[in-house]
Amino acid sequence: MKNLSWQKYLIAFLITAGIFVTAFLISNKLNQAKLETLQATRDKIAIDILSTETQFALLAETSCHEIATPVLSRELSSLGRRLTYAENNLGADDKEVLRLKKYYSLLLIKDFLLGQKIAEKCDNKEPISILYFYSNAGDCPACQKEGYVLDSLRSEHEKLRIYAFDTNLNLSAINTLKSVYDLNNEVPALVINGESYYDFQSREKIRSLLPKLETETASGTATSTATSTIATSSSKDAE
Amino acid sequence: MIFSEIIFYSILFIALYIQVFFLLTFFEHREILKRPKKQTRPKRYPSTTIIIPCWNEENTLSRTVLSLLALDYPKSKLRVFIVNDGSTDETLKVAKGFEMNPQVSVFTKENGGKHTALNLGIENTDTELVGCLDADSYVAENALLEVVKTFENEGVDSVIPAIRISHPKSIIQLVQKAEYNTGVFLRKAFSLLSAIQITPGPFSIFKRSVFLELGPYHRAHNTEDMELALRLQSHGYKIGNAHRAFAYTEGPRTFPALFHQRVRWIYGYIMNVFDYRHMLFNRKYGNVGMIVLPAAFFGMITTAYFISLIALGLFHVVSDKILQIQAVGFGDSFGMPSFDWFTVSTSLGTLLILFAISATLIIVFTGKKMAENKWRPSLDILLFVLLYGYMAFTWIFKGVYNAALARGKETWR
């Protein structure tokens, strides 16, 4: 019988296990740092929106040109993209990701409502916006394509605001928003100029519904998270 | 989803384990990397016969013979047998051109396969050592000295050299260059484990007593070099590696030629290991049965698995891109993406794959240091890292398919 150095087999096993544990710890640490970045961004945006709401309340009697354009910051757009990435890589069921996504959706709604209020007061400040309801749970084949269209329009028209809501979040505010526009559960669903549209809408169709896009330049958009590719498991309310 | 993750991490664990094991073995003896300042000489010079089996090798035979005649070794102790195995070109004529040299003997026979040519040479010699050299290969001047020193120092029954690719020109040959340099490392690691599993055609040398005791070469699915090594290991014979004895071989120039060669090797390997399956995971046969033979099969599984994952990923990327083009047209689908550090993957799988790639690169660079005495990155390493996995994927599948159906066509090459 040939001699086997069992010690070496064991040492190699321990080293390999050590590599696995090290990689696990590093991965956890880095993922945690990413989530903290998302949380910090969320908090910053929340403060920005609260600040604008307060400004609006304080300047209720003031003329429109003194009201700053509501914030739909680049951070909000970046937050949406990063949330999509986190959802795909940390898991749609990750509790922290779900919480962040819900908070992000609420921030989008607040920003939308703020924009509507300012538009009511100041006729010339009505934003060009689209409400977009989607699902990335694998039950909406047209959603991914619609996401590409909206991303493309957003990059062409800076001031076009796209408010994208995942219908699987089971967030009451999203359900209420849907009921305000009398939407059923079909996805994708777009709300443009108060009218609802179901199924895939091409770029050309959307442009025809928003003639102002061609005449106005825009600034800042809310990112659509509907460009996430392969559907993960349904986002369930983890709370 | 969980089942696929278990498979993924299990394969990664085993792959890393094997890499760690070989690296650990090698670096226990890292003094190997140091080149001795002075060339030492063996205490004695055993009589040696090198057999060159030939079949249609008119273009390369001369170089092979001349490299043997130029070996730094007493002429009286070295014989060269050229065995023409029914060549249909001018090989015999080229061989006969060397007959005037007292060291050279030329034999000719009807075509019967490489193993029959080798066996004819073995039958006709009485030297202490017998070796072989493929007719498309050649050796460095000090190769036989290094081999003989290994016989002396390690008390082995057979010695294999370090094989390098000769003058690579095409991309395919450059990939093989890095592959063979990696092989220099692996062969050394295997020899330190007493677990060499192939005695390759280019310049493997044996004590003649091995053939007297174990018998001649067998056809062995036209991979007689693999079968003989397994036969030696299964009977408790020792195979050493002279890592400073360099033999150079011509690698196939094109992918179809390389594919054909490797399918034969994979098929032969699987069939030979099947014949010697009693050695697998059998402690009686030491490290060759416990890790080296299983590692080769596991390497095939790993390659097939990860290349399949990459292919699946590419499929999804392509189908998403097609969807995007359908949605927004070609022009808007290929903008410059902006980099966000956030999207750099930090998953456990990614980090482990990075570890595995790092371990592979350590092996590749250490092999290069042993073969070329250089550490710096080179084009062949880059091409090897980028292309080898995909290339190996193709011949692994075909070789396994042939073995499964046991209908590999067994030809010279």
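Predicted model: local features only at pLDDT ≥ 70, side-chain atom pairs only at ≥ 80, totals over all residues.
Visitor: Of the 239 residues of chain A, what share counts as buried?
Guide: Residues are numbered from 1 along each chain as its sequence is written, with chains lettered from A and ligands numbered from 1 in the order in which they are written. Buried means under 20% relative accessible area, exposed over 50% and partly exposed in between, with a 1.4 Å probe and protein chains only. On that basis, the buried share of chain A comes to 48%.

Visitor: In what order do the elements of chain A run?
Guide: Helices (H or I, at least four residues) and strands (E, at least two) are DSSP runs, numbered from the N terminus. Chain A has seven helices and four strands. Read from the N terminus on, they go α-α-α-β-α-β-α-β-β-α-α.

Visitor: Is Glu96(A) buried or exposed, and what is its relative accessible area?
Guide: Glu96(A) sits in helix H3 (residues 95-121) of chain A and touches Leu35(A) and Gln39(A), leaving aside residues up to four places away in sequence; contact here means heavy atoms within 4.5 Å. Its side chain also makes a polar contact with that of Arg99(A), at 2.9 Å. A polar contact is a pair of N or O atoms within 3.5 Å; within protein, one must be able to donate a hydrogen and the other to accept it, and residues adjacent in sequence count only if both atoms are side-chain atoms. Glu96(A) counts as buried because its relative accessible area is 16%.

Visitor: How much area is buried between chain B and chain A?
Guide: Buried area is the accessible area (1.4 Å probe) that two parts lose on being put together, summed over both. In this pair, 42 residues of chain B are in contact with 37 residues of chain A. Carbon and sulfur atoms give 70% of the buried area, which is about 3700 Å².

Visitor: Which residues meet in a salt bridge?
Guide: The rule wants a side-chain nitrogen of Lys or Arg within 4 Å of a carboxyl oxygen of Asp or Glu. Across the interface of chain B and chain A it finds one such bridge. At 3.1 Å, N to O, the partners are Lys8(A) and Glu28(B).

Visitor: Which element gives the most to the side of chain B that touches chain A?
Guide: The interface has 15 residue pairs in polar contact, both at pLDDT 80 or more. On the chain B side, the elements giving two or more residues are H1, helix H10 (286-328) and helix H11 (348-372). The top contributor, with 11 residues, is H10(B).

Visitor: What is the relative accessible area of Thr116(B)?
Guide: Thr116(B) lies in helix H4 (residues 114-123) of chain B. Setting aside residues up to four places away in sequence, Thr116(B) touches Asp85(B) and Lys109(B). Thr116(B) is partly exposed, because its relative accessible area is 22%.

Methods
Heavy atoms only, no water.
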